[in-house]
Amino acid sequence: MEKLYEPGYEDYYYDYLEVVSDLAIDNFYKPFTERAHMNGAISRSQCNGSPTDLLSAYLVVDIPETEALLYEPNFSRIAASAATLGNKPVVSAETFTCLYGFGKKPLKNGRGPEMGREQIADMRLVADALFANGTNQIVWHGMPYNKVGSKDKHFYASVHLAPTAYFADQIRDFNAYMTRVSEYMRKGRNYSEVAVYLPVEDGHRKLYYPSKLRYPGMNHQYQLSYVRVPECLDGYQPTWVNRQILTEGKMRKGRLTFGECSFKAFVADVEYMDIASLQALVGHARKGLPVVMVRTPKQPGVNRSDEYAKLLEQLKNLPNVTSDPSSVLKHISPVMAGEDLPEFWCREVKGDRYIFIANPAACDMHYHLRYGQAFEDKGSVRKVSVHTRKGAKPYTLNFKPNQSILLKVSANGRIEEIDLNFSAKRIEGPGVFE
């Protein structure tokens, strides 16, 4: 135990985290949800940050919740994948935390940077980035900590949300906008036809992030904070899966099924894969599942099995297994195709699809924002191809400054934009606490 964090002991650390993960899920998340149900309630939890297999932990709770910006919006796809797999209607996010950062800048009376001067336009960037990564319930991380007439009590991670807020005259419209998008992003089910393997094993073998990637609360690689879907899957809206999904999933008519999900293909681009996952994957591939293994994984943990190499060889020799994503993906229609695609999220209901497409200025967002960052956007255009039941159709996305786009793709092939009816305005002048 005393050497777990020393170089050369990564496989011991992996085995240790596997035990901790099982204990945390079995002794916290499961009884937490069971107790909630016993009392006529539901469970909502931010599993992010816990030393667990995050997808399995999120699968246990009723409402998977993420956070932004301490967790960057792309991380939300893990919570949204759990919701997809578990048929959970709501994915929430504690939103607008540490909007302009903290830690490297001195706090004034507990105030985070720019507290009392927050721009709604900047907050909209965060909300839109979350929507485009599967979130459909915004939880404000903002509240007043001061009684009337007082200006010296603050919580560094929050925004000042009160009648005296810097953006008070825009709160009603902004809330109405987020409500409107959330309602569309709860219609039907998340659309997904491709399963992609979440690199849990990679994260459980590595210790700390490099110093340049660390910030308060973000240190360990098991947090999977910077995990991104492989670029070859741009446009497909894949769902993260893990060992649990592979071992419990079933093959039906050439597809991998789990609950109400049905995947036409499986993609893995990881350095390590547990032997139980590999065993299950070989079984699915033998039954016809198209499999893309971008890299050849290794077995993690101290106790290695001679069977692992044999399983890899069996997998590679199957005709429906390849290392070339294009040979498999060409048979699956993406939600959208095009150069430099913005981030988006797609829901499907009765043959219709609703696609929320984030303004490119809100894509691949990192902690933390520059003050007024939203106003750096001057608008942009993307020419894309949108998949419909009548085939792929060209479409031009005209992004106005600091605005995103919501499309309805009808079952009859018609594409139309839904007016989101909100534009944030710049606020000038001294801050609330100045």
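Which residues lie nearest the centre of the largest pocket? Asn74, Asp234, Leu341, Pro342 and Glu343 do, within a lining of 25 residues. The model is predicted: local features need pLDDT of at least 70 and side-chain atom pairs pLDDT 80 or more, while totals for chains, interfaces and linings use all residues. Residues are numbered from 1 along each chain as its sequence is written, and side-chain values use heavy atoms, without hydrogens and water.

**Figure 1. The largest pocket has a volume of about 580 Å³.** A pocket is an open set of points, on a 1 Å grid over the protein atoms alone, with protein on both sides within 12 Å along at least five of seven lines; lining residues have an atom within 4 Å of a point. Grid points are joined across faces, edges and corners, and the volume is the space filled by probe spheres set on the points. The lining comprises 13 nonpolar, four polar and eight charged residues (nonpolar: Ala, Val, Leu, Ile, Met, Phe, Trp, Tyr, Cys and Pro; charged: Asp, Glu, Lys and Arg; polar: the others, Gly among them).

**Figure 2. The second largest pocket has a volume of about 290 Å³.** Of its 18 lining residues, Pro199, Asp202, Lys206, Tyr226 and Val227 lie nearest the centre. Strand 6 (194-197) and helix 6 (200-205) each contribute at least two residues to this lining; helices (H or I, at least four residues) and strands (E, at least two) are DSSP runs numbered from the N terminus. By class, the lining holds 10 nonpolar, two polar and six charged residues.

**Figure 3. Five cavities of 30 Å³ or more are counted.** A cavity is a set of grid points where a 1.4 Å probe fits but cannot get out. The largest cavity holds about 70 Å³ of space. Its lining has 13 residues, with Leu99, Tyr100, Pro113, Tyr156 and Ser158 nearest the centre. The second largest cavity has a volume of about 50 Å³, and its lining includes Met115, Lys153, Ser158 and Phe433. Seven nonpolar, four polar and one charged residues make up the lining of the second largest cavity.

**Figure 4. Arg243 and Asp274 form one of 21 salt bridges.** A salt bridge is a side-chain nitrogen of Lys or Arg within 4 Å of a carboxyl oxygen of Asp or Glu. In the pair Arg243 and Asp274 the closest N and O atoms are 3.2 Å apart. This pair links distant parts of the chain, 31 residues apart: Arg243 is in helix 7 (residues 243-248), and Asp274 is in the loop between strand 11 (265-268) and helix 8 (275-286). Arg243 is partly exposed at 21% relative accessibility, whereas Asp274 is buried at 13% (buried, under 20% relative accessible area; exposed, over 50%; partly exposed, in between; 1.4 Å probe, protein chains only). Glu114 and Arg117 form a salt bridge with the closest N and O atoms 2.4 Å apart. Asp11, Arg205 and Arg304 are linked in a salt-bridge network.

**Figure 5. Three strands form an open antiparallel sheet in the order 14-17-18.** Strand 14 (336-337) and strand 18 (391-399) are the edges, each with a single partner strand, so one side of each has no neighbour in the sheet. Two strands pair if DSSP finds at least two bridges between them; nine bridges join strand 17 (residues 380-388) to strand 18. Val384 stands opposite Tyr395 in strand 18.
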